[in-house]
Amino acid sequence: MYQPVPASSQAPGLSQALAWLVGILFLTVSVLLFFLGRTPAWHGLVNNIAINFLAIMVEALPFMLIGALAGGLIEVFVPVAWIEKMFHRHRTRSVLLAGTMGLFFPVCECAIIPVVRRLLGKGIPLAAALTFLLAGPIVNVIVAFSTAVAYNYDWVVVAVRLGSGYCIAVCIGLLLGRWFNRDNGILPEWRNSGAASCGHQSCAHDRNNSGALADRVRHALGHACDDFFSVGFYLVIGAFIAALVRSITPMDIFSHLLANPEQAIVLMMIMAMLLNLCSEADAFIAASFRGVLPGSAQMAFMVLGPMLDVKLLLMYFSVFRKRLIIALSLSVFIVVLLWMIGLQTFFPALLL
Amino acid sequence: MLYRILKSCVLAAWIVFFAWLVTYGQSSLARLLHPQLWWLVACGTVILVLFLAVNLTRPAVEQANPNMLRWQWPALVILLVPLLYWVPVHEARLNADTFLQRSLRTADGLLIPGFIEKRANGEAWEDETRGEVSLTGLYRNSDRYLHEEVEVVCRLLHDPQLPEEFLVCYRFRITCCAADALPVFVLIDPKEDSDLANDSWVRARGRLTLYARHGFTIPLIIDTTLSAESEPAFPYLF
């Protein structure tokens, strides 16, 4: 019979005391700001933060719920044997395959963490999981379409965005796959594939694939509900930070700091990390910089954002160890930066 | 048991909020999210209902770890913080401050227009068939309206940095949600001085010309008469 997740895994990644402190700190700041918004001096700013915060949550939370549901279904209905057949025969091939999974399984970055957690629990190799994590929110048909609309059906931009996302994700998947494995990269509860892959000793659904459908669906919903509670509060904190940054950062400061393309690329990458926009909408923000910034800087914004932002960084704590999170963040930032500088240097006319 | 009740309360609160947004609160939803994405919130509501049903029918786990509630309550309360912020959102609007904060300027203070995609000639936009032209329509079909009498509904902004004492007539255009809202504006050269305050909704009627500077071309409505207007049901452009 299904048992809910035990307490120890409810705030994984961060120690229990640290997670508690972070939670209390966030609650204090957010409630204090809410009451400051009742005073005339703060009224406008807090209203602005509130609109952005609620808008991000109302858009992102359903995606996260869908992702959690998909993760629960994967947990119960995808057999470990299938994962082993698809991903364990050849390491490089599994990474290349994982980079294309978004095409068949279009998820944005809010939904991808619960899915990746469950895939890791099922035994997918770490390198393949990282590749899917990074490529999934970019290499998918919804993002391709929104990018095409934002850039007036300029298919070169679409191809460069999806191609860059795929290549960078594969590079980082292969790179980090050499240094990290399931033992030193992910949290213990997602480490052991097989009978207790969900971390619940009493579940054992891989041994009981023949159970009644209704029971298995209920079981999947139980896992999905646990995922919602263990990842959801990271989403709230990330969305709040994003709303705060979106409300206080004037876009105009960027236009005064853009002395050269390399500087523009770095600034747009930082902006992508801070704004936490959905990968299905960020192309419209990037396109608003047409004629102002070089194409490589716009591309850096569209490629880095779905791979690394504040909200994602917080959600990584629900599945990866701190060392891997640091390595992942640094490698994503550096590889995207080098890739975009390469684009700017060797194909300056490609993205005008 | 208490922990499970608290989790159920969190789920129930979000269910009520989402269900209200997609039923009675659609005008409020339109200030946060693109109206065509209502199904996303409906989908979220259904999933939350399923989670609530599962949460209420499965065994409690406090017996296994009596300290669970002590450590986990902040995570549960955090999930309710967005609902607390619904209180100011109810009356809040993206305003002139947001417009200026999200706009880019040239060194001499000219606002730079955001990118708006063109459509094939002759293809009408939904709001152009009602005799009123949208701000995006003026960019998309500027050739069609050039030197013609046009009428737009927008919010007013007196911007002292603008050249030639033009006024700004602005709205926000969203793709998914209000967080990605981008300013869309045209310039207005009013017939006579306007005493309408910043952020007031106006109906501007005048002749369309184009103002070109620094390589940017911005629609400019000249000989404009301004009249106060009530806020539209959908304040954003799409």
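A residue counts as partly exposed when its relative accessible area lies between the buried class, under 20%, and the exposed class, over 50%. Asp223(B), at 43%, is therefore partly exposed. The model described here is predicted.

**Positive phi in chain B**

Asp223(B) is not a glycine, yet its phi is positive, about 50 degrees. Asp223(B) sits in strand S7 of chain B. His214(B) is also not a glycine and has a positive phi of about 55 degrees. His214(B) belongs to the loop that runs between strand S6 (201-213) and strand S7 (216-228) of chain B. With 47% relative accessibility, His214(B) is partly exposed.

**Cysteines**

Over all chains, the structure holds 1 disulfide. The bond joins Cys154(B) to Cys169(B), with an S to S distance of 1.7 Å. The link of Cys154(B) and Cys169(B) is left-handed, at -105 degrees about the S-S bond. This pair ties together distant parts of the chain, 15 residues apart. Cys154(B) lies in strand S3 (residues 149-157) of chain B, and Cys169(B) in strand S4 (residues 167-173) of chain B.

Cys171(A) has its closest cysteine sulfur in Cys167(A), 6.6 Å away, which is too far for a bond because a disulfide needs sulfur atoms within 2.5 Å. For Cys9(B), the closest cysteine sulfur is in Cys225(A), at 13 Å, so this pair too is too far apart for a bond.

| Residue | Relative accessible area | Class |
|---|---|---|
| Cys154(B) | 0% | buried |
| Cys169(B) | 0% | buried |
| Cys171(A) | 41% | partly exposed |
| Cys9(B) | 44% | partly exposed |

**A helix pair in chain A**

Two packed helices are described by the angle between their axes and the distance between the axes. In chain A, helix H15 (residues 295-304) packs against helix H17 (residues 322-346) at an angle of about 150 degrees. Their axes are 9 Å apart. Angles over 145 degrees count as roughly antiparallel, so H15(A) and H17(A) are roughly antiparallel to each other. The crossing of H15(A) past H17(A) is right-handed.

H15(A) brings Ser296(A), Met299(A), Ala300(A), Val303(A) and Leu304(A) to the contact. From H17(A) they meet Val332(A), Phe333(A), Val336(A), Met340(A), Leu343(A) and Gln344(A). By class, the contact of H15(A) with H17(A) has 9 nonpolar and 2 polar residues, and no charged ones.

Conventions:
Residues are numbered from 1 along each chain as its sequence is written. Chains are lettered from A and ligands numbered from 1 in the order in which they are written. This is a predicted model: local features need pLDDT of at least 70, side-chain atom pairs count only at pLDDT 80 or more; totals for chains, interfaces and linings use all residues. Side-chain values use heavy atoms; hydrogens and water are left out. Axes are lines fitted to C-alpha atoms, for helices over the stretch in contact, and angles run from 0 to 180 degrees between N-to-C directions. Helices (H or I, at least four residues) and strands (E, at least two) are DSSP runs, numbered from the N terminus. Angles under 35 degrees count as roughly parallel, over 145 as roughly antiparallel, 65 to 115 as roughly perpendicular and the rest as oblique. A crossing is left-handed if the near helix is turned anticlockwise from the far one by less than a right angle, and right-handed if clockwise. Contact means heavy atoms within 4.5 Å. Ala, Val, Leu, Ile, Met, Phe, Trp, Tyr, Cys and Pro count as nonpolar, Asp, Glu, Lys and Arg as charged, and the others, Gly among them, as polar. Buried means under 20% relative accessible area, exposed over 50%, partly exposed in between (1.4 Å probe, protein chains only).
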